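Reader: I would like to learn how to read a fold from its numbers. Where do we begin?

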Amino acid sequence: MGGNITGRRAPNTLVAIVRRPALRSLAGGRRGAFTALTLASYPALLAAALWPLPATFAVLVPLSYAAEIALPGRAAGALSRAHLGATVRFLSRETAAVVLLARLAPGRPLWFAALAAGLFLFHGLRAVQTWLSEHVDRRHNQMPVVTRNIDLPALRIPPAPPHALLTWRGARLLYLDALAVVPAAATAPMGLGWTGVAGAGAALMLELTAVVALLAHARRARHLGDRRRVLAAVDDWVAAYRPEVVMYFSGPATAVYQATMWLGTLERITPRTLVVLRERPLAAALGPTRLPVVCIPSSVDLMNFRALDGVRVALFPANVGNNIHMLRVPGVRSVFIGHGDSDKEASFNPYTKVYDEVWVAGPAGRDRYLRAQVGVRDEVVEEVGRPQLAGVLRTSPYAEGAAPHQTVLYAPTWEGWSDDLFHSSLVAMGPAIVRALLDQPVRVIYKPHPLTGHRSPAARAAHRKIMALLGESTGMPHVAVTGREPSLYECFNEADVLVSDISSVVSDFVASGKPYVVANVAGLPADRFRERYPAAGAAYLLGPDLAELPDILRRLGVPGEDDMAAARRALRAYLLGADHPDPLTRFEEAVRRAAARAEARARSLGLEALAPSARD
């Protein structure tokens with residue numbers, strides 16, 4: 001059982017308000033101290049070189065490097081804006097080292113002259129390496145099209161260079177001057193000026209090796225700079241693949257789960273499907289898939305992508321502005337599939353009326369649009385089920401006798417774009433819910449929404465508090481699932497009870513037939529809450545004070561006392577649609593109907609022979 005922490009209380013609100021400015025002031029003070037220390041080290045080095053005080057200089061050199069490394073990013077940015085950037089600061093230290101050698105060996109100018117020349121050449125090679133690494137990076141990682149699961153032998157894309165060759169550039173290379181400056185400072189009193197020159201030579205050899213390697217990579221990748229050639233090769237491959245369906249997605253990498261949730265379904269349908277992304281980070285963030293993926297950042301390139309001419313159905317998991325570039329392609333039937341049905345406002349967004357069809361899981365989705373009256377006509381709404389839920393089980397390890405305790409899954413939704421919707425329990429109730437669960441003989445799985453804390457510092461703080469509570473608990477293998485794996489549906493299969501908010505998580509969990517608890521964050525009367533949020537029609541409701549939670553858990557642990565079991569069975573068909581035919585079959589049939597409608601419309605408008613240039 002989890003550790004007993006009922007005596008812990010949230011910090012007094014006034015104390016929390018007082019602490020924040022204090023913390024900001026402390027952070028600002030540390031930045032100021034590091035900035036002052038960094039700036040002071042350079043005139044001190046010059047003074048020690050001019051005096052000369054070689055022992056002092058030898059102590060100051062490592063301190064100045066340490067101060068530079070510890071300098072906060074915001075302070076470094078402020079210094080750069082004041083024209084005291086990293087290059088100027090490092091050159092100041094190098095100059096001081098040359099001056100020290102000149103002062104200690106005035107009759108032997110060879111060593112300090114050689115050191116000065118070596119450092120001068122070092123910065124020249126550093127500039128060449130930085131330019132080359134950026135050039136090679138653009139060739140490999142910023143081609144006009146990024147692909148996955150697409151073989152392009154005609155392009156002869158060479159292997160990418162080692163990661164370090166591309167990332168160690170610019171200011172990061174400045175620290176190589178320590179190979180020259182540190183030995184020069186340490187051995188100058190002994191008259192061993194050659195050690196600094198040897199260090200400069202070593203830095204030059206490292207730079208020269210990197211430059212030669214980058215030149216070889218640049219030569220092998222030079223043809224990738226031909227934009228037309230790259231686009232044509234990808235266009236030819238996609239044209240040969242002849243996609244019938246496109247899943248189109250645009251947005252930040254943090255939202256890529258909205259597209260990832262559909263990959264498994266689209267892999268199992270018969271029509272050939274292509275995934276089209278719009279932002280480069282999405283190509284790497286998208287989940288594993290066997291489907292071909294193309295990422296086309298430029299809207300002009302997308303409009304001229306001739307291989308999309310044969311596509312008849314475009315599926316959209318999210319409402320974003322960049323959808324317009326696909327929506328404007330004639331002959332393609334646009335279908336909004338969303339990323340989960342729920343009673344939140346996002347599931348009846350007025351933007352949705354721009355699509356030819358809107359697919360929902362069951363009658364609840366249709367009724368939601370009818371009630372909202374946002375311009376989505378009833379005849380464009382189609383009920384296709386939730387094919388992703390095929391793997392959701394109606395049992396659990398505890399029910400099968402394989403686990404000694406019930407498992408409660410707490411899966412709150414994120415904070416949303418405003419603070420007045422009361423959809424997320426995380427800030428107002430989250431830590432208290434987890435604390436109360438830890439005091440019960442249950443195992444806790446905490447799976448926050450992928451966007452948790454994306455906008456709200458309060459949500460981030462509540463999440464950190466929950467993580468701390470789980471980390472402090474003992475006696476039970478509680479789990480926090482903050483990554484992609486295990487999936488939400490795998491967590492469903494481990495759970496006996498769900499505690500969540502008004503979101504698609506609730507609608508999807510109904511497929512399991514197991515009991516669920518919905519947080520009534522605003523404290524609305526139960527009948528009003530269920531009327532406003534139909535997905536809570538078979539839920540146990542949890543008020544802001546959590547008074548209902550102990551009794552709910554007690555009743556769910558006693559056979560025959562689950563009063564909402566019959567309501568859940570009835571709600572399942574309303575939220576998710578009929579079980580027959582299975583949702584995957586229904587989804588594929590809907591795809592084929594949409595394609596047939598698109599084909600009929602294309603013939604009526606004579607779009608079969610429409611040239612790509614005519615689209616513009």
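**Contacts, surface and a helix pair**

Author: In the protein, 72% of the contacts with a separation of 6 or more join residues 24 or more positions apart. Contact means heavy atoms within 4.5 Å. This is a predicted model: local features need pLDDT of at least 70, side-chain atom pairs count only at pLDDT 80 or more, and totals for chains, interfaces and linings use all residues. Residues are numbered from 1 along each chain as its sequence is written, and side-chain values use heavy atoms, with hydrogens and water left out.

Reader: How many helices and strands are there in the protein?

Author: The protein has 23 helices and 14 strands. These are DSSP runs, numbered from the N terminus: helices are H or I with at least four residues, strands E with at least two.

Reader: How are two packed helices described?

Author: By the angle between their axes and the distance between the axes. Here, helix 15 (residues 363-372) and helix 22 (residues 565-576) have axes that come within 4 Å and cross at roughly 65°. Pro363, Ala364, Asp367 and Arg371 of helix 15 meet Ala573, Tyr574 and Leu575 of helix 22. Those contact residues divide into five nonpolar, no polar and two charged. Axes are lines fitted to C-alpha atoms, for helices over the stretch in contact, and angles run from 0 to 180 degrees between N-to-C directions. Ala, Val, Leu, Ile, Met, Phe, Trp, Tyr, Cys and Pro count as nonpolar, Asp, Glu, Lys and Arg as charged, and the others, Gly among them, as polar.

Reader: What share of the 616 residues is buried?

Author: Buried residues make up 48%. Buried means under 20% relative accessible area, exposed over 50%, partly exposed in between (1.4 Å probe, protein chains only).
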